Amino acid sequence: MKDIVKGYLCAFISAFTYGLIPLFMIPIKKAETFSVDATLFYRFLIASGSILIFLFYQKERLRISFREMGIMTLLGLFYALSAEFLFLAYDYLSPGIASTIFFSYPIIVALILVLFYKEKITLPTVLSLLLVVAGVGMLSIKKGAAFNYVGLAISLLGALVYALYILIINKVRIEASGVKVSFYSMFFSSIYFLVKTIIFGENITISSLSLVGNLTLFALITTSLSLVALVYAVRYIGSTPTAIMGAFEPIVAVLISVGLFGEALTSSLIIGGMVIIAGVLIDIIFNKH
């Protein structure tokens, strides 16, 4: 199989598996026997463990400098907060809408580069921003006056935190490989949620084998497999085509939301989602951040 075929296959697998998050998260939230914080603690703990095995397979050393330890801790905090805000948004918006709004994070990256790094704003960035705003407006029409703007704000806050995560990786000098950075990000994310569950006295006891299976699949499929596939996709075809394939993430989330959780597939949902994705893709293709 040619590398380009392998690359696009890996990119699709990465986007598809990451888009499956609602498939695992919504049933856990509905069960109300296990907190979101405890769920995310196990998700990132299991994911970091599996990535650690992958690092051993690659014969990569885990040693990092004290400076990098501080950077990794900050990355773990931002990654944890992005996940927390996204899942909190599920309480106010459907998984499909929340995931689609969250997918606007590349535009936020572009705006931060313009505002704080003095990069020139380009026509594609302006067009992308306008399309994303229009797309969010279309999604809000979906429920008319009942649209929850608190959920919109939380989704955008999650996108902002994730954009900061990406900017640190791109702008701060880090000697470690992408997989090693991801391992430490996941590990410190799990510590964040462990500390939070302890502070709030939340239950972290796994009460059934079915919950063990659900948490393990949640971590391995939506995090570990998605990450490893992403690494190989970038290696085979580069970051820009891989990022473009990432447009499948919100599409998968919308399909799951509609097919399994009763979300109405309206014209405003379809058009709004497509407009947001188009805006993000224009920014990725022309600016290549």
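The dialogue below concerns cavities and a pocket.

Modeller: This is a predicted model, in which local features need pLDDT of at least 70 and side-chain atom pairs count only at pLDDT 80 or more, while totals for chains, interfaces and linings use all residues. Residues are numbered from 1 along each chain as its sequence is written, and side-chain values use heavy atoms, without hydrogens and water.

Colleague: What is a cavity, and what is a pocket?

Modeller: On a 1 Å grid over the protein atoms alone, a cavity is a set of points where a 1.4 Å probe fits but cannot get out; a pocket is an open set with protein on both sides within 12 Å along at least five of seven lines; lining residues have an atom within 4 Å of a point. The structure holds 2 cavities of 30 Å³ or more.

Colleague: Which residues are closest to the centre of the largest cavity?

Modeller: They are Tyr18, Leu86, Ser99, Phe102 and Glu249, out of 13 lining residues. The space in this cavity is about 120 Å³, a volume being the space filled by probe spheres set on the points, with grid points joined across faces, edges and corners.

Colleague: Which residues line the second largest cavity?

Modeller: Among them are Tyr18, Leu86 and Phe102, together with Arg43 and Phe44. This cavity holds about 50 Å³.

Colleague: How much space lies in the second largest pocket?

Modeller: About 170 Å³. Its lining includes Thr100, Pro250, Leu269 and Gly273.
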